[in-house]
Amino acid sequence: NEPAVPQALESYLTDQQIGALHQMENFGWRVAFIRRPLFQTPITMLQSSDHPNRYARLQDNGELEFNPDDVVLRA
């Protein structure tokens, strides 16, 4: 029952992710959700405000991965 985007968002992100997120926000991207599986690295997903069905994973090094195969989006 955790919120999709935690209030302490930056505590889940690396410095590289924070920098990339600020850049992507200028292009209309926002954090859609952060999955927090037990004992694993959190998965941060961004969503385009221009194209709501377009998602990208924000990797630990700050790079974006469009259409990641291992992330299943829920309806």
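This is a predicted model: local features need pLDDT of at least 70, side-chain atom pairs count only at pLDDT 80 or more; totals for chains, interfaces and linings use all residues.
Me: How many residues lie between β3 and β4 in their hairpin?
Reply: The turn of this hairpin contains Gly 62, whose phi is positive, at about 90°. The number of residues between β3 and β4 is 5.

Me: Which residue in β3 stands opposite Thr 44?
Reply: Strands β2 and β3 pair in the antiparallel sense over 4 bridges. They also form a hairpin, with 6 residues between them. Within this pairing, Gln 47 stands opposite Tyr 55. The residue opposite Thr 44 is Leu 58.

Me: How many of the 6 residues of β2 are buried?
Reply: Strand β2 runs over residues 43-48. The strand is described as mostly covered. The number of its residues that are buried is 5.

Me: Which residue in β2 stands opposite Arg 35?
Reply: Strand β1, residues 29-35, runs antiparallel to β2, and 6 bridges join the two. Opposite Arg 35 stands Ile 43.

Me: Which are the edge strands?
Reply: The 4 strands form an open sheet in the order β1-β2-β3-β4, with antiparallel pairing. An edge strand here pairs on one side only, and the two that do so are β1 and β4.

Me: What does the twist average from one strand to the next?
Reply: The strands follow the order β1-β2-β3-β4 in an open sheet. From one strand to the next, the twist averages 35°.

Me: What covers the buried residues of α1?
Reply: Helix α1 spans residues 15-25, and its buried residues are Gln 17, Ile 18, Ala 20, Leu 21 and Met 24. The elements that cover these residues include β1, β2, β3 and β4.

Me: Why is Arg 54 described as partly exposed?
Reply: Arg 54 is placed in the loop between β2 and β3. A residue is buried under 20% relative accessible area and exposed over 50%, with partly exposed in between. Arg 54 is called partly exposed because its relative accessible area is 40%.

Me: How far apart in space are Arg 54 and Trp 29, C-alpha to C-alpha?
Reply: Not counting residues up to four places away in sequence, Arg 54 touches Trp 29, Leu 46, Gln 47, Ser 48 and Phe 66. Arg 54 and Trp 29 are 25 residues apart in sequence. In space, C-alpha to C-alpha, their separation is 9.7 Å.

How values were computed:
Residues are numbered from 1 along each chain as its sequence is written. Side-chain values use heavy atoms; hydrogens and water are left out. Buried means under 20% relative accessible area, exposed over 50%, partly exposed in between (1.4 Å probe, protein chains only). Two strands pair if DSSP finds at least two bridges between them. Axes are lines fitted to C-alpha atoms, for helices over the stretch in contact, and angles run from 0 to 180 degrees between N-to-C directions. Contact means heavy atoms within 4.5 Å.
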